[in-house]
Amino acid sequence: MYPALGLADEFGELVEKIHLNPQQVAKEMGDVLWYVANLAHDLDLNLSDIVSLLGAPSKRFVDFQQWTDKNRQGFIVPEPCDFLTIKIGVVCGLVKKLYRDDDSLLTNERRDKLAITLAWILAGVSVLSTRYGFLLSDMAEQNIHKLASRQERGTLHGDGDER
């Protein structure tokens, strides 16, 4: 449940930065990627597994980003933020139903739906990152360094960008 809530929270922060502080868009996209990776981990998958569900190359973020940019056929991502809002809502709904309907047991059907939805979220983030001129790999790397620094300084908990 925590990574799904974190994904929704960070996406809200991303949209806020797009409108109010575009210089911090890459940082927020990195946070969104971090929660996607955590959800994938909870499904016993990695990001390469998730990306491969779309038939995309799964070895490196750069390959996926180039593939996404060149292969828009079938991608319905005219406005990435709108698309991501829908897909993140789907993740939250699937997690809600996991608790409401399945006694907190992840069924194979729900796992598969979560996995493909995470793949679409990665595609949407890829489209959005291209629009802002960022590489997914750079955003992920920056996020890892930020979190390592916060852990080292004991500031992982709390709120705000200036921790």
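**View 1. Leu 7 sits in helix α1.** Helices here are DSSP runs of H or I with at least four residues, numbered from the N terminus. The structure is a predicted model, in which local features need pLDDT of at least 70 and side-chain atom pairs count only at pLDDT 80 or more, while totals for chains, interfaces and linings use all residues. Residues are numbered from 1 along each chain as its sequence is written, and side-chain values use heavy atoms, with hydrogens and water left out. Leu 7 is buried, at a relative accessible area of 0%; buried means under 20% relative accessible area, exposed over 50%, and partly exposed in between, with a 1.4 Å probe and protein chains only. Neighbours within four places in sequence aside, Leu 7 is in contact (heavy atoms within 4.5 Å) with Val 32, Tyr 35, Val 36, Leu 39, Ile 88, Val 91 and Ile 121. Gly 89 is 82 residues from Leu 7 in sequence, with 9.8 Å between their C-alpha atoms.

**View 2. Helix α1 has buried residues that pack against α2, α5 and α6.** From first C-alpha to last, the 19 residues of α1 reach 27 Å, close to the 27 Å expected at 1.5 Å a residue; the expected span is 1.5 Å times one less than the number of residues. The buried residues of α1 are Pro 3, Ala 4, Gly 6, Leu 7, Glu 10, Phe 11, Leu 14, Lys 17 and Ile 18. They lie on the same side of α1 because they cover an arc of only 150° around the axis, the arc being that of the directions from the helix axis to the C-beta atoms. Tyr 2, Leu 5, His 19 and Leu 20 are exposed on the other side of α1.

**View 3. Glu 13 is a residue of helix α1.** Glu 13 is partly exposed, with a relative accessible area of 26%. Between the C-alpha atoms of Glu 13 and Val 32, 19 residues apart along the chain, the separation is 9.4 Å.

**View 4. The largest nonpolar core has 40 residues.** Such a core is a set of buried Ala, Val, Leu, Ile, Met, Phe, Trp, Tyr and Cys residues joined through side-chain atoms within 4.5 Å. Leu 7, Phe 64, Val 91, Leu 118 and Ile 121 have the most contacts inside the core. Val 91 touches residues including Ala 4, Leu 39, Leu 114 and Thr 117, leaving aside neighbours within four places in sequence.

**View 5. Ser 126 belongs to helix α6, residues 108–132.** Ser 126 is buried, with a relative accessible area of 0%. Not counting residues up to four places away in sequence, Ser 126 touches Phe 64, Gln 65, Thr 68 and Leu 136.

Technical notes:
Helix = DSSP H or I, 4+ residues; strand = E, 2+ residues; numbered from the N terminus.
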